[in-house]
Amino acid sequence: MGIKTVAIYSDADARSSHVILADEAVRVGPPPSDQSYLSIPAILNAIKETGAQAVHPGYGFLSENSHFVKSLDEAGVVFIGPGEKAMADLGDKIRSKIIAKNSGVNTIPGFDGVVKNTDHALEISRSIGYPVMLKASAGGGGKGMRIAWNDQKVIEGFKLASQESKSSFGDDRLLIEKYIDNPRHIEIQILADNFGNAVYLPERECSIQRRNQKVIEEAPSVHLDTSTRKAMGEQAISLVKHVGYVSAGTVEFLVDSKRNFYFLEMNTRLQVEHPITEYITGLDLVEQMIRVAANQKLFMKQEDIKYKGWAIESRVYAEDPEKYLPSIGRLSKYIEPVSLTDKHEVRCDSGIVEGSEISIYYDPLICKLSTYGETRDEAIQTMGRALDSYVIKGVTHNIPLLREVIGSSRFKSGNISTKFLAEEYPEGFKGHILKNDSLFELASIAALVHAKRDVRNWCWKDGNESFSNRNVPNNWNLWVKIHNNNSKIETVNVHVERRSTTLQHKDEYQVIVESHPPTIVNAQWPLESPLINAQLLVPNQSKRSVTVQYLDPLPVGFRLQYMGTKFDITVHNKRQHELSQFMIEKPKKDLSKVIISPMPGSVISVAVNVGDIVNEGVEVAVVEAMKMQNILRASRVGKVKKINVKPGSSVAAEEVLIEFEDEEQK
């Protein structure tokens with residue numbers, strides 16, 4: 001559009017991609033967000049220093065802060081988004097619900113007011129009937145939200161939700177409403193200008209969530225029919241016109257199995273998942289926001305809005321995919337997936353590069369990975385390939401979970417809800433479980449990797465680029481041991497044979513595994529490089545392409561990433577296999593006598609003292625990281641021996657916070 005840009009940054013983001021890409025960049029403070037990205041005076045100073053004429057707020061921080069909009073108005077600076085009053089009305093969950101009712105929008109039963117305290121929360125919850133949802137009146141993104149199924153959960157949830165809301169948005173007000181069990185989360189994107197024109201775009205489904213935060217989104221939704229889509233869109237338009245809303249915005253709904261829909265909230269900003277709407281409509285939503293802010297009319301009418309194909313977004317987080325706890329560190333290796341066709345079917349919206357630091361201060365989102373296809377199946381297949389080829393080393397990430405969901409039969413069928421993850425992984429996600437076919441596939445590729453590395457160790461090339469065959473083995477009888485995340489070890493006997501020593505066929509091997517027919521495996525793999533692109537050809541079957549990541553060499557094997565999950569591979573010859581049964585296993589560390597921090601962060605509170613006797617399940621401390629608070633509880637009855645931290649302490653992952661006395665012998 002030919003517009004020069006100014007980036008603002010904190011000290012933690014001094015080398016971030018947005019800083020490098022912008023025409024100018026201004027420091028606004030130290031890493032804590034309340035001293036930088038949430039500091040209105042600091043941002044106003046940056047505007048004054050650079051002479052910026054407009055501000056696009058992005059997704060978080062001050063993007064839904066009406067006081068910020070007012071400050072910009074007073075400074076004569078354009079806010080690329082809604083006006084102060086519309087943002088205040090619709091960005092506040094309490095007020096927006098009342099407005100939605102008055103606009104003829106379907107709403108969820110609940111309390112239309114501010115919850116005063118814990119006793120008031122209990123009174124409201126009991127009158128509505130459990131389960132209830134406690135959530136922050138300001139902001140979004142899953143921060144300050146708790147589901148309560150009983151009085152005790154209300155007491156606990158009120159404290160945590162209030163604290164998270166205050167920390168994230170500077171506003172600790174909460175509202176309470178009926179929790180709709182097993183719903184779908186479907187939202188309507190709207191665009192509105194200053195001339196009374198407004199349109200709704202095809203819906204996005206955001207039902208795959210953890211901690212009330214979206215993980216995988218798609219557009220459109222398999223659940224909606226034409227009449228429901230039209231009714232939801234028209235109610236969204238009714239809402240925004242009622243308050244004179246302009247710019248881009250999103251009206252979120254909960255939809256039950258019978259397609260009844262209820263207003264959830266409105267996000268008065270650009271959504272994180274906007275790329276999938278752009279994919280299927282061909283519209284650039286940020287461009288439309290800028291044009292509306294420049295007082296231009298929308299160029300499209302409702303009848304002009306069409307969509308084509310299907311798009312999916314996976315939010316790639318630096319976090320443990322089992323407990324959803326954030327991870328920090330430096331990205332020692334980082335390779336994003338790319339499109340393989342001129343359809344640009346893969347899109348990565350990220351702000352980091354290899355060498356970037358993932359810090360404790362902000363949301364752990366690494367990338368918004370979006371894929372497009374003519375059909376939903378095609379978009380899913382492309383997402384699977386993209387996740388398989390996405391290389392991230394240096395931090396723990398959630399690609400194993402994303403890959404498992406994308407590949408699951410339930411997701412492919414479209415039978416999803418906001419409870420998908422809890423229902424599919426009730427004990428927490430443990431990684432990909434190898435079954436007969438996938439075990440064979442991984443064992444075959446692992447054996448081929450071993451063979452290629454062994455050939456490398458034995459041979460060299462002569463001047464004619466043909467292999468010298470001196471002492472180079474052509475076949476291997478191997479025992480491949482695959483270590484699962486659930487501590488189960490799978491052992492597979494694999495016979496591998498090189499098909500030819502010529503350069504033309506040097507990557508082709510025949511693999512024989514018991515109970516499986518001989519399989520030709522061809523792997524394009526520059527040795528020790530991160531991506532192994534393999535093809536498996538079973539007689540009378542179609543060729544199957546598989547991408548596996550080679551992560552690290554191990555003393556007698558290597559670590560591979562397959563279907564998103566990491567597997568430690570041990571490869572033995574016959575004699576090594578015979579002797580391995582005599583190896584003594586290393587004892588596991590006893591963690592029953594300590595409380596460790598599950599993640600890097602800050603200690604918010606310590607609820608015990610030295611000498612206290614605590615029962616199993618009792619809260620002993622609260623640790624916060626990236627604006628999310630986690631209660632740490634005693635795993636057994638015990639007496640507190642030592643407390644190593646205090647409120648405000650910074651802690652590392654697995655740092656010992658509290659120690660208990662040894663259990664008395666009975």
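Mentor: Axes are lines fitted to C-alpha atoms, for helices over the stretch in contact, and their angles run from 0 to 180 degrees between N-to-C directions. This is a predicted model, where local features need pLDDT of at least 70 and side-chain atom pairs count only at pLDDT 80 or more, while totals for chains, interfaces and linings use all residues. Residues are numbered from 1 along each chain as its sequence is written, and side-chain values use heavy atoms, leaving out hydrogens and water.

Trainee: How do the axes of helix H11 and helix H12 cross, and within what distance do they come?

Mentor: The axes of H11 (residues 376-388) and H12 (residues 399-407) come within 10 Å and cross at roughly 155°. Helices here are DSSP runs of H or I with at least four residues, strands are E runs of at least two, and both are numbered from the N terminus.

Trainee: Is their crossing left-handed or right-handed?

Mentor: The crossing of H11 and H12 is left-handed, a name used if the near helix is turned anticlockwise from the far one by less than a right angle (right-handed if clockwise). Contact means heavy atoms within 4.5 Å; Ile380, Met383, Gly384, Leu387 and Asp388 of H11 meet Ile399, Leu402, Arg403 and Ile406 of H12.

Trainee: Now the cysteines: how many disulfides does a search of the whole structure find?

Mentor: The search finds zero. The definition asks for two cysteine sulfur atoms within 2.5 Å. For cysteine 348, the closest cysteine sulfur, in cysteine 367, is 4.1 Å away, so the pair is too far for a bond. From the sulfur of cysteine 206, the closest one is also in cysteine 367, but 17 Å away, again too far.

Trainee: What makes cysteine 206 buried and cysteine 348 partly exposed?

Mentor: Buried means under 20% relative accessible area, exposed over 50%, and partly exposed in between (1.4 Å probe, protein chains only). Cysteine 206 has 0%, so it is buried, whereas cysteine 348 has 22%, which makes it partly exposed.

Trainee: How do you know whether lysine 135 is buried or exposed?

Mentor: Lysine 135, in strand S5 (residues 132-136), has 1% relative accessibility and therefore counts as buried. Its side chain makes a polar contact of 2.9 Å with the side chain of glutamate 177. Among the residues lysine 135 touches beyond four places away in sequence are Lys93, Arg173 and Leu264.

Trainee: Which side chain has a polar contact with that of threonine 570?

Mentor: The partner is histidine 483, at 3.2 Å. Threonine 570 sits in strand S28 (residues 565-572), and its 15% relative accessible area makes it buried.

Note on methods
A polar contact is a pair of N or O atoms within 3.5 Å; within protein, one must be able to donate a hydrogen and the other to accept it, and residues adjacent in sequence count only if both atoms are side-chain atoms.
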